[in-house]
Amino acid sequence: TSYNTQSLLCVSWNPDSKYLIAGEFDGSAPYKAHLFYFDGSTITSKYEFVKDGTVSDIRWDSQGRYVIIGHGDQEIETADSFYVCEFNRSAETLDEIQSSTVFTDVNYYSTVRWFPDGDKFAVAGYSDLKIYDWDGVPLCKASELNLDVSYARYIESIKWSPDGNYL
């Protein structure tokens, strides 16, 4: 499959290494999260998840059932979001779980990470970090940290420790 990799911002492999999801930014809207299938030698485009704004980060859960898509437009006046999608393996699509889409005043979610066992996830952006409990739906915010912007105004990356005790 021919694909312009210069427009990719982020990629994430499904745990079984058969599917790859890639976030695109090519300078025009709308932005897309592309779902690809990999058979061991060929990558085939299967689905596009399309929204306005930049796809800033994408992560599969540890079981390969759900995907979090961090999303934003980097504009101060508009709410940004992240989406939780269920992977429909038989249709090879990402189905947005409407009750788990979060719009917020955080300007641009730059990073998202699943907890190692998949029962929670963290999202972070400009001066903001949130942890959500996850057992399907509805989404429940477990904790929130707002940083003092005088010393840290942007969270670029987060990662859980392998045992899940630390973020």
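Reader: Start with strand 2. Which residue there is the bridge partner of Ser12?
Author: Ile21 is the partner of Ser12. This is a predicted model, by the way. Strand 1 (residues 8–13) and strand 2 run antiparallel, joined by five bridges.

Reader: What sits in the hairpin between those strands?
Author: Five residues lie between strand 1 and strand 2. Ser17 in this hairpin has a positive phi near 60 degrees.

Reader: And the other neighbour, strand 3: how many bridges to strand 2?
Author: Five, and the pair runs antiparallel. Tyr19 stands opposite Tyr37 of strand 3.

Reader: Which residues have the most contacts inside the largest nonpolar core?
Author: Ile21, Ile58, Trp60, Val67 and Ile69, in a core of 16 residues. Strands 2, 3, 5, 6 and 7 each give two or more residues to this core. Another core, of 12 residues, lies apart from it and includes Phe82 and Trp134.

Reader: New topic. Which residues line the largest pocket?
Author: Among them are Arg59, Trp60, Arg113, Trp114, Lys159 and Trp160. By class, the lining has six nonpolar, two polar and three charged residues. Strand 5 (54–60) and strand 10 (109–114) each supply at least two of the lining residues.

Reader: What volume does the largest pocket have?
Author: About 200 Å³.

Technical notes: Residues are numbered from 1 along each chain as its sequence is written. This is a predicted model: local features need pLDDT of at least 70, side-chain atom pairs count only at pLDDT 80 or more; totals for chains, interfaces and linings use all residues. Side-chain values use heavy atoms; hydrogens and water are left out. On a 1 Å grid over the protein atoms alone, a cavity is a set of points where a 1.4 Å probe fits but cannot get out, and a pocket is an open set with protein on both sides within 12 Å along at least five of seven lines; lining residues have an atom within 4 Å of a point. Grid points are joined across faces, edges and corners, and a volume is the space filled by probe spheres set on the points. Helices (H or I, at least four residues) and strands (E, at least two) are DSSP runs, numbered from the N terminus. Ala, Val, Leu, Ile, Met, Phe, Trp, Tyr, Cys and Pro count as nonpolar, Asp, Glu, Lys and Arg as charged, and the others, Gly among them, as polar. A nonpolar core is a set of buried Ala, Val, Leu, Ile, Met, Phe, Trp, Tyr and Cys residues joined through side-chain atoms within 4.5 Å. Buried means under 20% relative accessible area, exposed over 50%, partly exposed in between (1.4 Å probe, protein chains only). Two strands pair if DSSP finds at least two bridges between them.
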